[in-house]
Amino acid sequence: MKTYIGVDLGGTNVRVALVDETGKILQMEKEKTEIEKGCEHVVEKIISMIERLDGYKQSVGIGMGVPSPVDTKLGTMVMATNLPGLKGYPLVEKIQSHFQLPTFMDNDVNVAGMGEAILGAGVNKDIVYYVTISTGIGGALIVNEKLVSGKHGYAGEVANIVIDRNREKINHLNIGAVENEASGTALTRKGKNLFGEHIQHAGDVFDLARNGDKLALQLCDEMAYDIALMFSTIAHVVDPDVFILGGGVMKGKDVFFDKLKTYYESLVHEGMRSVQFQEALLEEPGIVGAAMLPKSYVK
């Protein structure tokens, strides 16, 4: 059975794993990223961790997921807020030249979507749109098991889609950007405004809604509508077979998911209403999805 190497590079930790073609993690290594010690230190750490994987030389290739839009042609990060110094750094070239294995890199949400498309809720679907809703909102478009990253690496970055230009200005995003109105962070902010500082996260609002609190139910209803607006915008451009939803906010799916689907159907053309909405299935979408990058491109 073919094996692939996945690298999940974050600002705090880096993980590498040997993954087979069914998505089973055969071996995993984890260490602190230590970006403060420099780019070369991080590269050497990744190389050392990969070399600790049994049979790594026989793998088909290496895939890396990073917290940044990626220029997939150059193999570099377009921005690196959590990994200062790695913006524009030839990370793919460094890893590929050392191992002499095909090496690919993409945004962490993109690779999670890749994993779901190939091995999870999007199996056997031609056009998959993956969205994760947690602290923020991110997305990924996968067509025929290949990621669409875009010219500048920003394809799928749906957080800045405007769902209502009459909302308040929150941060650097557009006024009425869906991330500021329907993410877990947004629901927490709105919950605190209504119920006070004892609201610590979106789950507290969901709990109030489950107990029948009218204001909490209204907040969840508004969130469902805002997310549906985002999906309708995406659908009118992409028209996917399936929307896959992941992220921590899905823990509250019982109070908003059905409403979301109903609102979506009211916002799109009749012929688009049959699109499937599925919850993400993979337990480790980031590192498994990264490993699926070479599976997608190396036959």
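1. A word on the source before going on. This is a predicted model, in which local features need pLDDT of at least 70, side-chain atom pairs count only at pLDDT 80 or more, and totals for chains, interfaces and linings use all residues. Residues are numbered from 1 along each chain as its sequence is written, and side-chain values use heavy atoms, with hydrogens and water left out.

2. Now the overall picture. The protein has nine helices and twelve strands; these are DSSP runs numbered from the N terminus, with helices being H or I of at least four residues and strands E of at least two. Its radius of gyration is 20 Å, close to the 19 Å that the globule rule gives for 299 residues, so the protein is as compact as a globular protein of that length. Here the radius is taken over C-alpha atoms, and the rule is 2.2 Å times the number of residues to the power 0.38. Along the principal axes, the C-alpha atoms fill a box of roughly 60 × 45 × 35 Å.

3. How much of the protein is buried? Of the 299 residues, 52% count as buried, where buried means under 20% relative accessible area, exposed over 50%, and partly exposed in between (1.4 Å probe, protein chains only). As for contacts (heavy atoms within 4.5 Å), 61% of those between residues at least 6 apart in sequence join residues at least 24 apart.

4. Please look at R167, in the loop between β10 (146-147) and α4. R167 counts as partly exposed because its relative accessibility is 26%. Which residues does R167 touch, not counting those up to four places away in sequence? They are I175, G176, E181, K190 and D226.

5. Is N180 buried or exposed? With 5% relative accessibility, N180 counts as buried. Leaving out residues up to four places away in sequence, N180 touches I170, N171, L173, N174, A186 and R189.
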